[in-house]
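Biologist: I am new to this structure and would like to learn how to read the packing of its helices. Could you take me through it step by step?

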Amino acid sequence: MLRVTDLALSYGATPVLEGVGMEVEDGEFVSLVGPSGSGKSTILRAIIGLQAPSAGKVELGVAKDKIGFLFQDDALLPWRRAAENVALGLRLRGMAKADALARAEEWLGRLGLHGFGARYPRELSGGQRKRVALAQVLALEPQLLLMDEPFSALDAITRARLSQDLLKLVEDHRLSVLLVTHDLEEALALSDNVYLLSRGPKARIAGQYPVPIPRPRDIIKARTHPEFGPLLERIWQNLSREVVGEPGKDEQWAGFSIGL
Amino acid sequence: MGRIFDRPLTRQLIGLAVLLIVWQAAANAGWLNPLYMPSPVKIGAALYALFAGGTIWPHLAATFAAALGGLAIGVIVGVILGAAAAILPVIAELLEPVMILLNAVPRVVLAPLFVIWLGIGLASKVALSFLLVAVLIFFTVYTGIRQVDRKLVERVITLGGGRGTLLREVYMPSVTAWVLGNLKVAVGFAFTGAVVGEFVAATKGLGYLLSFAQSTYNAALMLALVLVIMVFVLLIFIASEWLEKRLTRWRG
C-alpha cells in the first residue's frame, strides 16, 4: 500500500530526516511515534506531496485521490456549513451538489453528527469539528488514511470515543492507516505495527514493533491484553535510551505520555 | 419603572439631557459668548432652518455622491491592486513603496492638488475620497491574502482542489471578510475625503457649507452641520454593520 525508502528531507540547511524507511501493508494500521519536533509530520507531508524530499522514494499502491489526509487541526472552512465542508471533496471529484450534500449528511450521521449539517464550524465543539473533518476525509472513500496527531487537542473521554469509532470504521472498511502520534498507548491500542522515530535532527527509524493483539479491537480492552504492558515497557525503554547521554534534550520528551 | 433606569442607554440619554439643560442655562445666564458657543436652542433653530427651507438637500446630495462614489471606486481599485500585489511579486515591488508613502502622509494634503487637476466640481472630491479608501483597502487585501490560513490552503489541496478552487473557497471568502471588517473605517475615510475636498474649494456640499459658516462667523450653523454629518455617517455605519453581519454570518 505504501513504502517509504531511504527518505531524506531538509528545511533549508537543517537536515530533518535521513534514511527513513517504513511500510504500510494493505489493510494494516501503522503508527509512527517519536518526540515532538522529530519530523513525524514531515514524513506524512512528504508522502502526500506537500513537501519535496531531498532523497529517497515514496511508493504508493493507490492513486493520489484515494489517500485521505487528516490534519492535526480541524482545518474546516469557517464560512462553510458542516455538510458543505464534507461535500467539498466530493464536489471536487465531479459529484453534483445535491448528491454530494446528501452523501455528506450520510457520513455526518455515520460519525454521530446526524442533524448537524447546517451548523457552521464555530457552532460545533472541538470533538464535533474533528468528526466533521473525519467525515470530510472518509466521504471520499480513501484506501489509505494518513493522520497527523488527529486527536491531540481533545479531552481524554472525547478522544477515546472518537478513536473507538474511527477504529471500527477502519476495521469495517479494511482501510490502511498511517497514524502519527506522540501517545504511545494510543499507538499500541490502535495499531498492528508501531514505528519509532528517533530524535531529530537527522531523525531515522529507531525501531519497529508488531502488536500481537487480535482484531476487531476495543481500545480500552486492548490495554488489558497480556502483551500490551510488556510491549509498552519495551518501547518506552528504547525511547529512554534514545535520550540518555543527551543532556538538555530531555524536554523533547515532555510531550510523551505513558500510562502508568 | 426601576427597570428602565437599569439600561445604559437610558442613563446615557439622561446624561445628554442634563448636559443640554446646563448648556442652555449657562447660555441664558450670559456665561457663554454666543459668537463662539451658541445655545442648543440656537443650534436647533439653525438645523431647522437648513431642513425646513430645503437648502441642505443639494449639499447633502453632493457630499454623499462624492463620498459614496469615492468609496465604491476605492474599494474596487483597492481590492484589484491588493490582490494583484499579493499574486504578482513585481506589482508588489512597484506598489508597496508608493502605498507606504501614501499611507504615511496625511492623504488630505493632496486636496489642493486635486482641485488644480480636476477643478472645483465633484471630480476632485471623489478623487480625494477614493485615495483615502483605496490605500486602506489595498493594505487590507494585500496583507490579508498573504496571511491567509495555510492550513486551509493545504486542506483544500489534499482534498483535490486546484487554483480555481482555492480562489473560490479560501481566498475570496477570506478577502470578503477582511474588506467587510474594514468597511466602517472606509466609510469614515470616504466622508472625510469628501468633506475636506469641499472645504478646500467647492460650490456645493456640507464641507462647502462649513467653510461658508466659518467665513461668516456663524457658529450655530457650523455646529448644526457637524451634527448633520455625524448623524448621516452614523446611519451609514449602521448600514455597513448590518451588511457585514449578514455576509459573515458564519462568524457569529
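Modeller: Let us begin with a term: a crossing is called left-handed if the near helix is turned anticlockwise from the far one by less than a right angle, and right-handed if it is turned clockwise. Please keep in mind that this model is predicted.

Biologist: Is the crossing of α9(B) and α11(B) left-handed or right-handed?

Modeller: The crossing of α9(B) and α11(B) is right-handed. In general, two packed helices are described by the angle between their axes and the distance between the axes. Here the axes of helix α9 (residues 183–200) and helix α11 (residues 219–247), both of chain B, come within 9 Å and cross at roughly 150°. Angles over 145 degrees count as roughly antiparallel, and therefore α9(B) is roughly antiparallel to α11(B).

Biologist: Which residues of α9(B) and α11(B) make the contact?

Modeller: On the side of α9(B) they include B:L183, B:V187 and B:F191, while among those of α11(B) are B:V233, B:F237 and B:E241. By class, this contact has eight nonpolar, two polar and three charged residues.

Biologist: Which residues touch the most other members of the largest nonpolar core?

Modeller: Of the 136 residues in that core, they are A:V86, A:L108, B:V133, B:I137, B:A186 and B:A190. The largest share of this core, 14 residues, comes from helix α6 (residues 122–146) of chain B. Leaving aside residues up to four places away in sequence, B:A190 touches several residues, including B:L71, B:L132 and B:V133.

Biologist: How many residues of chain B are in contact with chain A?

Modeller: There are 13 residues of chain B in contact with 16 residues of chain A, and the largest share of the chain B side, five residues, comes from α7(B).

Terms used: Residues are numbered from 1 along each chain as its sequence is written. Chains are lettered from A and ligands numbered from 1 in the order in which they are written. This is a predicted model: local features need pLDDT of at least 70, side-chain atom pairs count only at pLDDT 80 or more; totals for chains, interfaces and linings use all residues. A nonpolar core is a set of buried Ala, Val, Leu, Ile, Met, Phe, Trp, Tyr and Cys residues joined through C-beta atoms within 7 Å. A residue is buried if 20 or more other C-beta atoms lie within 10 Å of its own, exposed if 12 or fewer, and partly exposed in between; C-beta atoms are placed from the backbone. Helices (H or I, at least four residues) and strands (E, at least two) are DSSP runs, numbered from the N terminus. Two residues are in contact if their C-beta atoms, placed from the backbone, lie within 7 Å. Axes are lines fitted to C-alpha atoms, for helices over the stretch in contact, and angles run from 0 to 180 degrees between N-to-C directions. Angles under 35 degrees count as roughly parallel, over 145 as roughly antiparallel, 65 to 115 as roughly perpendicular and the rest as oblique. Ala, Val, Leu, Ile, Met, Phe, Trp, Tyr, Cys and Pro count as nonpolar, Asp, Glu, Lys and Arg as charged, and the others, Gly among them, as polar.
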